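Thanks, everyone, for making the time this morning.

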Amino acid sequence: SSVVPRVWWGRGPHGHLSAPSHRLCMGLANCSIGGLERSATAQRNLVRVAEQVGDLRVLTYSILADSYISPGDFPQCPDGQRYMGQRHSVIKKEIALLDPDIVCLQEVEPVVFDQFFQQHMAREGYDGRYMKKSSMSPEGCATFWRVREGRNPGQTFRLIEQHAIELNVAAAEACRKSGMDPTQSRVLYDNVCLALLLRPLAGRRAVLVGNTQVLSHAKQPDSQTLQTALILASLSKAAQGESKPVDASSRTMADNDPAVLLCGNFNQLPDGPGISLVRNGFLDEKQLMVLREHPPPLLLDPQRTGASKVAGQLVDLLRPYFVNPLGGLQSACRAVLGSEPKFTRFPSLHKKGCVDYIFANHHLTAVACLDLPNEDLVKPGIPSGSFPSDHILVYAEFASTN
């Protein structure tokens, strides 16, 4: 691919405008991946922080499950490009264009993983794991990591542990420990987080990758934020070797302080309480007020089996769980661009917003990310002939720190 240098005004580590920083805008449209003229991802620029070189490339992408497409949905999308059988080829080319070391996909149906992605990604030098959502939900999360070098210098990995985090199970346990009836508390949703501990073959620090899609009910930010908090707690335990994996290899003491990546669709805007908890490491009074504006759950009456009584707000009843034991995590796009993108989801003009993120702990520093496409390209909404999903992919590069 050709690289065109430009001078951009940069932002320092705390987000303040600094002196002009020399950044590189990668001319993706000139790459050698064929057939990308249909994809507007090829028109986006890779914005790189001055004098910083990344050694880890990460991509997250909510690819829109066919099960969620009803007749009449997405009228802007040509009939021949509406379903995964037509869309997956463009998605695969977008991934190949960026050549990431780690790929996190959401809204992946089992048949799509088996027939479209697993075999294709294996041919491209990746291994992968899949976790379907609990209950009858038709889709889940897929994570791939590079096991053979790609076109560009990067990292290859060996899988050390796999953790399957079922958020309904974690939420039910939290409720029971607090004397609450999980079935009356608006916490039993089928969302999951697939967490993989990967060891770089080059001898660098291990990387724990969490891949998730949080509850989509915007009117239940308390339930969304609880799910996010339970993910953070589970990742913290996995990072320290305190949870039992579903699949494990030879973990060593050196793997107990890994770099942590948390990727996915959080279904909250950047000022939402769940995102604030991830990014800041705590909930401030403003965020707590937001979480207290919703109907309370029910508490089991310990004196009468099966009876219940109104108890209070979810955030107060389960307050010990609304924490972030990992501390504040860095948002890659915010670190590089100075703010989150205006949108990563754009099904229509009235439903656009930034809900997809790549977060990292202090062992990784974001040094580059893909900028937004021109908004005119996504109006009146996506998927379209140029974008194969109602979300755009998020891509970032990181430098490892000691």
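This is a predicted model: local features need pLDDT of at least 70, side-chain atom pairs count only at pLDDT 80 or more; totals for chains, interfaces and linings use all residues.

Let me begin with S331, which, once its neighbours within four places in sequence are set aside, is in contact with R279, E340, Y357, I358 and F359. S331 belongs to strand β15, and because its relative accessible area is 4%, under the 20% cut-off, it counts as buried. Its side chain is joined to that of E340 by a polar contact of 2.6 Å. On the neighbouring strand, S331 stands opposite F359 in β16, and although 28 residues separate S331 and F359 in sequence, their C-alpha atoms are 4.5 Å apart in space.

β15 and β16, the latter covering residues 356–360, pair in the antiparallel sense over two bridges. They are part of an open sheet of seven strands, whose order is β11-β8-β9-β10-β12-β16-β15 and whose pairing is mixed. At the edges stand β11 (247–248) and β15 (330–331), and since each has a single partner strand, one side of each is left without a neighbour in the sheet.

Towards the other end of that order, I would point you to Q162, which lies in strand β8. With a relative accessible area of 11%, Q162 is buried, and its side chain makes a polar contact of 3.4 Å with the side chain of R129. Not counting residues up to four places away in sequence, Q162 touches R129, L194, A195, L196, P245, V246 and D247.

What lies across β8? Helix α3, residues 167–177, lies across both β8 (157–166) and β9 (192–200), and runs at about 55° to β8. Within α3, the buried residues include L167, N168, A170, A171 and C175, and what covers the buried residues of this helix includes β8, β9 and α4. Just after α3, G179 takes a positive phi of about 75°.

Now to the packing. The largest nonpolar core has 41 residues, and those with the most contacts inside it are L208, L226, F322 and F359. Helix α4, residues 221–239, gives the most to this core, with eight residues. If we leave aside neighbours within four places in sequence, L226 is in contact with A171, V187, L314, L318, Y321 and F322. Apart from this core lies another, of 29 residues, among them F157, I358, A396 and F398.

At 16% relative accessibility, Q220 counts as buried, and, beyond its neighbours within four places in sequence, Q220 is in contact with R186, Y189 and L215.

Finally, the confidence, as promised. The mean pLDDT of the protein chain is 86, and 87% of its residues reach 70 or more. Over residues 1–22, however, the pLDDT is below 50, and this stretch has 46 contacts in the model beyond near neighbours in sequence. The pLDDT also stays under 50 over residues 29–38, for which the model has 23 contacts beyond four places in sequence.

I will stop there and take questions.

Terms used:
Residues are numbered from 1 along each chain as its sequence is written. Side-chain values use heavy atoms; hydrogens and water are left out. Two strands pair if DSSP finds at least two bridges between them. Helices (H or I, at least four residues) and strands (E, at least two) are DSSP runs, numbered from the N terminus. Contact means heavy atoms within 4.5 Å. Axes are lines fitted to C-alpha atoms, for helices over the stretch in contact, and angles run from 0 to 180 degrees between N-to-C directions. A nonpolar core is a set of buried Ala, Val, Leu, Ile, Met, Phe, Trp, Tyr and Cys residues joined through side-chain atoms within 4.5 Å. Buried means under 20% relative accessible area, exposed over 50%, partly exposed in between (1.4 Å probe, protein chains only). pLDDT is the predictor's confidence in each residue, from 0 to 100. A polar contact is a pair of N or O atoms within 3.5 Å; within protein, one must be able to donate a hydrogen and the other to accept it, and residues adjacent in sequence count only if both atoms are side-chain atoms.
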